[in-house]
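Subject: Handover of a structure and notes on its architecture

Dear colleague,

Please find below the structure that I am handing over to you. My notes follow it, arranged by topic for a first reading.

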Amino acid sequence: MEQQAKPRTIEDLATLLGVSTMTVHRAISGKPDISPKTRARILAEIERLDWRPNIAARGLRQGKTFTLGILVSNVAASFLPEILQGVNQAAEAKNYHAFVSVHEHEASRAIRHLQTLQSKGVDGIVHYPTLGGGEVATLNDILRNTPTVAVMRAVPDFEGPVVLVDDALGGRLAAQHLLVLGHDRIGFLGYHDADLSEVRRQGFEDALRENGVSLRPEWTLATVASGASPSERDLDRLLGGAERPTAIFCPSDRLAARVVQGAADRGLRVPEELSVMGYNGDAWAALLPVPLTTVAQPRAEIGERAAQMVLEERTSGRSCTLLEPWLVARASTAPAPIATR
């Protein structure tokens, strides 16, 4: 018995099934204007034949490669997996594939990767800018021919759209939570070289000030380099004095977890003697011995929104999509000790 030849193109598949090419397109893409019975028959035959559309041929006809480029800071950053998941989800829904490059906050490396992605003919780019944004001129050049969206960080002079989290609001949510718990002796430990840390601190401090509470200079530290842990000296300044804060806010869960550990090392109980808050909504923060109160970010939505804008080519002109964070209250925060109220 002669074995049936496997269809090579979508036209071959349509001929085999006795339907039009457009009908096969509708079945594959999930469009509604096809009967459920016909769609089921086509998809069943595709599965039986283990058939895959020839993306390269389709791309040549449409002038596309069906690929997206994603440029991120580093693969160890806790927020990136969910952002990448959101990008990939949006890409796969349109039969696109995503490729990731890493710039390690080096503008020269970011420029090189951006140029490589463009030379490979990607149909769009989702870019997490470097700390200094030194690649903005290259980014603008690429934007003129390739849909490009920046995420997480607003880059001065970037001429395209950005998708951001309202970090000032996140700082306010943190302050309001501690104020409701009766804290007015509050410390802050952040990064000295991260703009997001500063935005979160500013929102936090503004909300405190509006409620008659000030951050005391001796309890307001921004000495930690991005990605590093606070020094014992920093922890001593916050936790080792005769007078100390009853609550500390950190603009990252990683810093907050280190403060919790530093408190334990100094015999302080969290949250009975010290409340600690983080920021980011890292999944591991819920698994600590004292689960961490945090401000969570819609990270998967950031990636999904950015990818959708690229795929739909909604990238002309400057615009800002601002997504809202939310409070996740856990065991690391509690009412201020009675003696301090």
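In what order do the strands of the open sheet of six strands stand? In this predicted model, the order is β2-β1-β3-β4-β5-β11, and the pairing is parallel.

The six-stranded sheet

The edges of this sheet are formed by β2 and β11 (319-323); each has a single partner strand, so one side of each is left without a neighbour in the sheet. From one strand to the next, the twist averages 20 degrees. Within the sheet, strand β1 (residues 67-72) pairs with β2 in the parallel sense over six bridges. Thr67 has His97 in β2 as its bridge partner. Helix α5 (residues 80-93) lies across β1, β2 and β3 (124-127), and runs at about 170 degrees to β1.

The loop between β1 and α5 holds Ser73. Is Ser73 buried or exposed? Ser73 has a relative accessible area of 2%, and because buried means under 20%, Ser73 counts as buried. Leaving out residues up to four places away in sequence, Ser73 touches Phe79, Leu80, Val102, His103, Glu104, His105 and Tyr128. Between Ser73 and Val295 there are 21 Å in space, C-alpha to C-alpha, and the two are 222 residues apart in sequence.

The four-stranded sheet

A further open sheet has four strands in the order β7-β6-β8-β9, again with parallel pairing. Here β7 (220-224) and β9 (275-277) stand at the edges with a single partner strand each, so that one side of each is left without a neighbour in the sheet. The twist of this sheet averages 20 degrees from one strand to the next. Strand β6 (residues 186-191) and strand β8 (residues 247-249) are paired in the parallel sense over three bridges, and Phe188 has Phe249 in β8 as its bridge partner.

Two helices that pack on this sheet may be noted. Helix α8 (residues 167-180) touches β6, β8 and β9, and its direction makes about 165 degrees with that of β9. Helix α9 (residues 195-210) touches β6 and β8, and its direction makes about 165 degrees with that of β6.

The nonpolar cores

Which residues touch the most other members of the largest nonpolar core? They are Val151, Val163, Phe204 and Ile302, in a core of 42 residues. Helix α12 (residues 299-311) gives the most to this core, with six residues. Ile302 is in contact with Ile83, Val151, Met152, Val163, Val165 and Leu323, when its neighbours within four places in sequence are left aside.

A pair of helices

Two packed helices are described by the angle between their axes and the distance between the axes. For helix α1 (residues 10-17) and helix α3 (residues 36-49), the axes come within 11 Å and cross at roughly 115 degrees. The crossing of α1 with α3 is right-handed. On the side of α1, the residues that meet α3 are Leu13, Leu16 and Leu17; on the side of α3, they are Arg41, Ile42, Glu45, Ile46 and Leu49. By class, this contact has six nonpolar, no polar and two charged residues.

Backbone features

A cis peptide bond joins Val270 and Pro271, with omega about 10 degrees. Pro271 is found in the loop between α11 (253-265) and β9.

Glu104, one of the residues that Ser73 touches, has a phi near 55 degrees, a positive value in a residue other than glycine. Glu104 is placed in the loop between β2 (97-102) and α6 (107-119), and is partly exposed, with a relative accessible area of 41%.

Asn280 also has a positive phi, near 135 degrees, and is a residue other than glycine. Asn280 is in the loop between β9 and β10 (294-296). With a relative accessible area of 9%, Asn280 is buried, whereas Glu104 is partly exposed.

With kind regards

Methods: Residues numbered from 1 in each chain as written. Predicted model: local features only at pLDDT ≥ 70, side-chain atom pairs only at ≥ 80, totals over all residues. Heavy atoms only, no water. Axes fitted to C-alpha atoms, helices over the stretch in contact; angles between N-to-C directions. Left-handed = near helix turned anticlockwise from the far one by under 90°. Contact = heavy atoms within 4.5 Å. Nonpolar A, V, L, I, M, F, W, Y, C, P; charged D, E, K, R; others polar. Pairing = 2+ DSSP bridges. Core = buried A, V, L, I, M, F, W, Y, C linked by side-chain atoms within 4.5 Å. Buried < 20%, exposed > 50% of the residue type's maximum accessible area, 1.4 Å probe, protein only.
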